[in-house]
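Here are my notes after going through the model you sent. Have it open while you read.

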Amino acid sequence: MSSLTDLAPRRNTRLRLPRWAAPALRGGLSVALTLLGLLALTFFIGRVLPFDPIAAVVGEKADASVYENVRTKLGLDQPLYIQFVMFLRDMLSGNFGRAIFTGNPVADDLRHVIPATVELATVAIVIGSGLGIPFGVAAAVYRGKPIDHAVRLLSLIGHSVPIFWLGLMGLIVFYAWLGWVGGSGRVDIFYLDAVPKRTGLLLVDSALAGDWDVFVSAARHIILPALLLGYSSMAYISRMTRSFMLDQLSQEYVTTARVKGLSRRRVVWGHAFRNVLVQLATVIAISYGGLLEGAVLTETVFAWPGFGQYLTTALMIGDMNAVLACTLIVGLVFICLNLITDLLYRFLDPRTR
Amino acid sequence: MTAHSFERNASLRSWLLVEAPQSGFQAWMQSFYLAWLRLAANPLAVIGVVVLLGIGLVALMAPWIATHSPFDQVLADRLQRPSAAHWLGTDELGRDVFSRIVYGARTTLYIVGLVAVIVGPIGLCIGATAGYLGGWVEAVLMRITDIFLSFPSLILALAFVSALGPSLDNAIIAIALSSWPGIARLARAETLTIRSSDYVDAVRVMGASTPRIIFKHVMPMCLPSVVVRVTLSMASVALTAAGLGFLGLGAQPPTPEWGAMLSTARQYLLEHWYLAAMPGLAILTVSLAFNLFGDGLRDMLNPRS
Amino acid sequence: MLRRLTRAALAGSFLLGLAVAPGQAATPKDVFVMASDLTTFITFDPAAANESFPNELLRQMCTPLLSLDHKDPSKVVAGIAETWSSSPDGKTWTFSLRRGMVFPSGNPVTSSSIAWAMRRSIKLNLVSASLMRDWGLTSQDQIATPDDHTLVITLAKDLAPSVTPFAFTNHRMGSALDRDTIMAREKDGDLGAGWLNTNVACYGPYRLNTLRAQEVAILEANPTYWKGAPAMKRIIVRHVPEPGAQRLLLEKNDIDYAKSVEASSLAAMVANPELRFQFQPRLDSVYLALNQKDPILSNPKVIEAFRYLIDYQGLRETVQKGRAEIRQSFVPAGVFGALPKGEDPYRLDIAKAKALLTEAGYGDGFKKTVLTMTNYPFPDLAQNFQQNAAKVGVTLDIRTMATAQLYTLMRSRDFQMLMAVYDYDYPDANDMALRMAYNPDNSDAAKATNFLAWRAAWAPDAWFKQQVEAAQLERDPAKRTALYAELQRRHMRESPIIGIFQRLGAMALHKRVKRFEYNGAELFYDTIEKE
């Protein structure tokens, strides 16, 4: 949602500041500092939250002695900074600890939830770029014409619509009324665990196993949430495509090519579009990263057992091990994306080379 | 239209378009007028402005527009379908949904307005200071900004609001806390280009103090793009506010708030889908209007993009 | 050009559109499929389990020493103990176990399996240790195993012999654990607690096959269960957090049982001939508590005024329709010691409330905060109450919050008013009287957090204490009933814990489910029958 609009300036400002990332060492240091800061922020926010993990563990009926016992067991009786240092030490040794609300090691939980989100985000990005790129190109070619306005309106609606609401309405119409799609979850109940887990991506696993019933069921379930997420990334991709293409189409070589008698189609797709491919790849990578976050509410509405739902639940009961591990992952993804964009732009933009 | 008024309009127009303005006031008015002309050329942006004004009017005139009190419960009339008496039906406590949506515009605009007032200046100050001073000040401020930026904004707002306790005002603070970094980054980037301009050099040579340069000369130059950015982010503020309300962390009952209305309506989705459809449409309308307007503003200031 | 673009854009969505094809099938005959919210699933360890749904599943896998009758919860019947008896003073209880019971691992179930489980709970000092303390079971020496099939437990508390057996109907207190299997998985001296978070090593009609929080839980039948193998070979619980989605699955024939039913859908669902409903009064109280540390809220006239500000009747017929019955006294209907139905003296009376407040000197009203839970029906109940209070000048701010957060504030007595529900442990008036009308020590330091009177900082006078303790010991059922009746009537007049409703459990089943027993306290999966 908001992340998509936030991303564009993030990239722009980055590229005006090459001296920051220039010495690789300083770059690495700044990434590490950002991560550390991110973890510290998460940690301390987590500790001031009124959500009490002890209350979640012991419920309403434990007496004071049990309550204190659990507090000690969870290490919550230690001063804050010691808890933080202990947490960092564990994390450096690759130990994320145990999640309270699932009873599993966080690393195990993540192995289950991340593929679910990756699958959803991948289908969404295929839809998003499959629609967004042609729309963006059309808007640029027909700049100021009705189609330009239509694409702009469509993409702005994508930015503006509350995705959880669209999800609910989609379920009502396409599942409850029309019965065209599967309901919540990843697959029909009977097909749970029906195919061996290889990649964790249900569409891939069922195809590998040749079990087309499962594949169809999974596809019926993924299509609605993926369309919704795909729509919001389409909104972003089509806008960026349009602006990249406008840039290219105003270049001299385009006029020259047209004067030389090349067809418009040749010029648009053969020359201009080819020149924006790398930029587009970056934009797609960014919106793919954004889907990680954008999926939070969508996953809740569709009961999609993914990363977003996991993070929200953990946060709501103050399960800090799980929250911190998730934050670290989100932070890493964003930082990596920023780095990739930086590198690509330095490589592409002659002014910064 | 009489000839006289036409003449006056014409002279006003020429006053606004004259090549060499006679006063600062005229210069300001001119740039506003030119901006308006460019904005008016973009039909979508005009729609955005009109819708926003419309919603503002609804919020302002809520007591006259609403057909019922947004708070009065009539348990016997609960969950009624839309009718002449209740245009959009009634909710689970028998309150009039239309009236609650009308009053909900107040809640939303209150949140959006306050966030804009808080976030704009903070982002501008931090960004301009960091950009102008450079060095370790910039390093520290921008690291902090980065940290906030790498945090999912809804989650950040959620964390803040639960730490502060759920209420409307805390939701505003939380949203503000999670949306300043984007503006700070933008302001800094703008400052970097202004910092080395001849104009700022000249002021510096004349002996102006650093705070004076930042406040008097750098910030005003950053203002237009910050305004655009704030307007655009108002759309996502409206969405985040609705999201918080949806999760029960925004306005507390019985305040009419669209996200919270949507959240309660979720229970009645199958029988009474319109209960959920209407607040959602309202959120979409406000957010879209801000996006259309902000988008038009951006085009106006930077026709190339 | 334009057409080509559109075609390119649509190609992607068509590819996926192909996947959309119909195909529904009923659930298999010997598999019971249900939908429930599995968002949090903290632990399956009987020493620590406290959440209601995980406990319900655990109950199907861990049969306690004794069991509640499937129909009448006030009757205690045999469990893994075949016979039981008590000493004349009612403190020492001897259980004789069934022969030939084995754990899923093949290890035999003996008296020491139960003794070990109990001692383990005491040692770990988690939720079930707290339960045991309530019954006066605090030391490992109170548990003895004269032979493999005999278990002797000595409680350090005087209680009427009709009450004590309820202690052993709780699977978290009196079920068997497979010691060898668990200790083989012990880590850092945790007595297997880490492993038991997501595993079960108990004896019962079902055993755990799969558990993934936020996804699925699968139980499979125990073919060697002493009552015979259950008819349902598998129980599949699918994670569906939204009640609306659960309903759709049920109506579309995808599941047999929807765990959560929305009040709003109830009427439409009951009318659906494909579905079948079972209603059962639950073992709980929906209440409003006023903190007695507050100078205004501790005024008896103010407390009485609030009793007249709740629209019991109106809410029962609208928001709570089919989901709750009015119950102003603390013992729920159907439980030993309950007052007859209809003995609920209070109703909404704004004028009377106004008069009482004026008498108390608060004719101009005051401002307070009410805490409540985010889930149905609490925000609705609170808002209705808020509106009534506003009519007498009392301004109430509502704060809705997650349940765990509310518990924390209850424990620290850090609230002015709160509206919540309390789930009782066993169907005898003694439990309710202890929770609602008894406070061992009202000081902050006492931290008697298990007593609602302490949470509300209410110190009932000596009469209440005597009455509760006398009723606990009384062996004559008629006299006991009279004691509880008197206690409840006075409680309704004086207590700052205002009883409102007893909820009704509504089970939404597909009509092919012929039998699914629920007695208001527990559900029994082992006797489920399907067509």
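This is a predicted model: local features need pLDDT of at least 70, side-chain atom pairs count only at pLDDT 80 or more; totals for chains, interfaces and linings use all residues.

1. The C–A contact involves 67 residues of chain C and 63 of chain A. Putting chain C and chain A together buries about 5600 Å², with carbon and sulfur atoms giving 59% of that area.

2. On the polar side, 21 residue pairs are in polar contact across the interface of chain C and chain A, counting pairs with both residues at pLDDT 80 or more. Which elements of chain C each put at least two residues into its side of the contact? They are α1 (2–17), α4 (127–134), β8 (206–212), β9 (216–221), β10 (234–239), α7 (243–251), α13 (403–411) and β17 (417–423). The largest share is that of α1(C), with eight residues. By residue class, the side of chain C that touches chain A has 36 nonpolar, 18 polar and 13 charged residues.

3. Salt bridges: the rule finds three between chain C and chain A. One to look at is A:Asp63 with C:Arg133, where the closest N and O atoms sit 2.7 Å apart.

4. Now for chain B, which has twelve helices and zero strands. Its C-alpha trace spans about 75 × 65 × 30 Å along the principal axes.

5. Chain B has 305 residues, and 57% of them count as buried. Of its contacts with a separation of 6 or more, 68% link residues 24 or more positions apart. The accessible surface of chain B is about 12800 Å², and 70% of that surface belongs to carbon and sulfur atoms.

Technical notes
Residues are numbered from 1 along each chain as its sequence is written. Chains are lettered from A and ligands numbered from 1 in the order in which they are written. Side-chain values use heavy atoms; hydrogens and water are left out. Contact means heavy atoms within 4.5 Å. Buried area is the accessible area (1.4 Å probe) that two parts lose on being put together, summed over both. A salt bridge is a side-chain nitrogen of Lys or Arg within 4 Å of a carboxyl oxygen of Asp or Glu. A polar contact is a pair of N or O atoms within 3.5 Å; within protein, one must be able to donate a hydrogen and the other to accept it, and residues adjacent in sequence count only if both atoms are side-chain atoms. Helices (H or I, at least four residues) and strands (E, at least two) are DSSP runs, numbered from the N terminus. Ala, Val, Leu, Ile, Met, Phe, Trp, Tyr, Cys and Pro count as nonpolar, Asp, Glu, Lys and Arg as charged, and the others, Gly among them, as polar. Buried means under 20% relative accessible area, exposed over 50%, partly exposed in between (1.4 Å probe, protein chains only). Accessible areas come from the Shrake-Rupley method with a 1.4 Å probe; for residues, only the protein chains shown count as cover.
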